[in-house]
Amino acid sequence: LQWKIGRGMAAEPDHHVLEVQKLVEDLQLEPLEPEGGFFRRTHYSSTQVQGPDGDGQALSAILYLMLSDNVSKLHRLTVDEAWHFYHGSPVTIVELDSSVDGHVRTTRLGSVELGLCPQYTVQAGTWFGAFPEGAFALVGCTCGPAFEFKHFEMAVRHLLLDTYPEAEQLIKRLS
């Protein structure tokens, strides 16, 4: 764990590394593969619903800690995912969309004190990723119906570059 935190924050001041270590320990977070960062599932509903892939649980929620060099890589889900900001630096959520200028839509998530919105929902089927604007960010992610790995698809860089050429810089950063 020490190595993974240190590797993701090599250029950060010691107080950021210590704060991240404390968050990982206090919140009992584990490495999130293949996306990056650390997480813990905090809710998995016992209520059954009909979802895009058949019956499943109604809702799931996680805590997710991203580091400056360990971001949420580009992926898409077959369910909506709501992001909630809790602590740290603002987060930029990147959505690929060929219908907008530059093929990318960015949304800043952060503290109300900074004039930012603390919540945003990514629609099902959207290629997206995210990164903290500073050393780290603690967010929550809620999926309805509940997240299952069958809902998840990791992006393939060259395919996204072919489809969204104007977003090359962000695609390379997040894949």
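Me: How many bridges do E6 and strand E11 (residues 128-132) pair over?
Reply: Two, in the antiparallel sense. Two strands pair if DSSP finds at least two bridges between them. Strands here are DSSP runs of at least two residues, helices (H or I) of at least four, numbered from the N terminus.

Me: Which residue stands opposite Ser72?
Reply: Ala130, in E11.

Me: Is this an experimental structure or a predicted model?
Reply: This is a predicted model, where local features need pLDDT of at least 70, side-chain atom pairs count only at pLDDT 80 or more, and totals for chains, interfaces and linings use all residues. Residues count from 1 along each chain as its sequence is written, and side-chain values use heavy atoms, without hydrogens or water.

Me: What pLDDT does the chain average?
Reply: 89. pLDDT is the predictor's confidence in each residue, from 0 to 100.

Me: Which elements have the lowest and the highest mean pLDDT?
Reply: Helix H1 (residues 2-8) is lowest, with a mean of 46. Strand E10 (residues 119-122) is highest, at 98.

Me: Back to the strands. What does E6 do with E13?
Reply: They pair too, antiparallel, over three bridges. Arg76 stands opposite Glu153 in E13.

Me: In what order do the five strands of the open sheet come?
Reply: E9-E8-E11-E6-E13. The pairing is antiparallel.

Me: Which are the edge strands?
Reply: Strand E9 (104-109) and strand E13 (152-154). Each pairs on one side only.

Me: How many bridges do E8 and E9 pair over?
Reply: Six, in the antiparallel sense. E8 covers residues 91-96. Glu95 has Arg105 in E9 as its bridge partner.

Me: New topic. What volume does the largest pocket have?
Reply: About 310 Å³. A pocket is an open set of points on a 1 Å grid where a 1.4 Å probe fits, with protein on both sides within 12 Å along at least five of seven lines.

Me: Which residues are closest to the centre of the largest pocket?
Reply: Leu32, Glu35, Ile62, Glu81 and Phe147. The largest pocket is lined by 19 residues, each with an atom within 4 Å of a point.

Me: Which elements give two or more residues to that lining?
Reply: Strand E2 (38-44), strand E5 (60-67), strand E6 (72-77), strand E7 (80-88) and strand E12 (136-144). E6 also belongs to the open sheet.

Conventions. Points joined across faces, edges and corners; volume = space filled by probe spheres on them.
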